[in-house]
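Subject: Handover of a protein model

Dear colleague,

Please find below the structure that I am handing over to you. A summary of the findings follows it.

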Amino acid sequence: MPLATTRRAGLVDQVIEQLKGAIAGGEWPVGHRIPTESVLATTLGVGRNTVREAVRALAHGGLLEVRQGNGTYVRATSEVSGALRRLCGTELREVLQVRRSLEMEGARLAATAHTPEELAELGALLDERERAQRENSLEDFVRADAGFHLKVVQCGHNTLLTELYRGLTEVVAASVATTSHDHLDERTEIGHHGLLAAIADRDPDRAAAEAGGFLDQLLLREESGSPRPSR
């Protein structure tokens, strides 16, 4: 979304909303350095102090990270994801626990609410995931795997749960990468065909058990320090 000159009332709030829009809309992806304070002030037609306040607020919310002498970078695409990054940091176990709660309920709902078209999309994402694993392509694997889990939640047609889970996109992807980055081609013992089959059979209890089961295995591996399995 292109930035526009702000109105005079509530300037800081307006700047915050415009910056958030640029982040959420993908104009500034995670890891991207945003324009300098002076450039933003000129583009938005506000003073540098206004921009500074807005950036400070977004940094406090976890969306931006100010690196002294190196600029300001996008850290997350939503306040929820930003908050989890601050709270969890590298605590993979906590991220997996949160995922377990949300994904079990998402799978339960998906089993009864999915459409045939959505089931086909889930199958296609699993195919992409397996192809990436065969080719030992971590980036493609993470994208397909995280996309599969988001799609499962979307299949439940619960708007609030979907938006909450969507806000965790970065930490979900990070947890996938963390549990998969070593010897991706060797880690085949944890898959998602059981979950897909349970959803296809419209069996909510089995779907929830499948969704929780592989995350339980990941948690056990993490707590025991054993080699991390592919998901």
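Accessible areas here come from the Shrake-Rupley method with a 1.4 Å probe, and for residues only the protein chains shown count as cover. On that basis the protein has an accessible surface of about 11300 Å², and carbon and sulfur atoms hold 51% of that surface.

This is a predicted model, in which local features need pLDDT of at least 70 and side-chain atom pairs count only at pLDDT 80 or more, whereas totals for chains, interfaces and linings use all residues. Residues are numbered from 1 along each chain as its sequence is written, and side-chain values use heavy atoms, with hydrogens and water left out.

Confidence is given as pLDDT (the predictor's confidence in each residue, from 0 to 100). The protein averages 85, and 84% of its residues score at least 70. Confidence is lowest in helix 4 (residues 79–88), with a mean of 57, and highest in helix 10 (residues 193–200), at 97. Over residues 227–231 the pLDDT falls below 50, yet this stretch has 34 contacts in the model beyond near neighbours in sequence; a contact means heavy atoms within 4.5 Å.

Helices (H or I, at least four residues) and strands (E, at least two) are DSSP runs, numbered from the N terminus. The protein has 11 helices and 2 strands, in the order α-α-α-β-β-α-α-α-α-α-α-α-α from the N terminus. Of its 231 residues, 43% are buried, that is, under 20% relative accessible area with a 1.4 Å probe, protein chains only. Of the contacts between residues at least 6 apart in sequence, 70% join residues at least 24 apart.

Two helix pairs deserve a description. Axes are lines fitted to C-alpha atoms, for helices over the stretch in contact, and angles run from 0 to 180 degrees between N-to-C directions.

Helix 2 (residues 37–44) packs against helix 3 (residues 48–60) at about 110°, with the axes 9 Å apart. Helix 2 is therefore roughly perpendicular to helix 3 (65 to 115 degrees). Glu37, Ser38, Leu40 and Ala41 of helix 2 make the contact with Arg48, Val51 and Arg52 of helix 3.

Helix 6 (residues 116–134) and helix 7 (residues 138–155) have axes that come within 8 Å and cross at roughly 160°, so helix 6 is roughly antiparallel to helix 7 (over 145 degrees). Among the residues that meet are Leu122, Leu125 and Leu126 in helix 6 and Phe141, Ala144 and Phe148 in helix 7.

Yours sincerely

Methods:
Buried < 20%, exposed > 50% of the residue type's maximum accessible area, 1.4 Å probe, protein only. Parallel < 35°, antiparallel > 145°, perpendicular 65-115°, else oblique.
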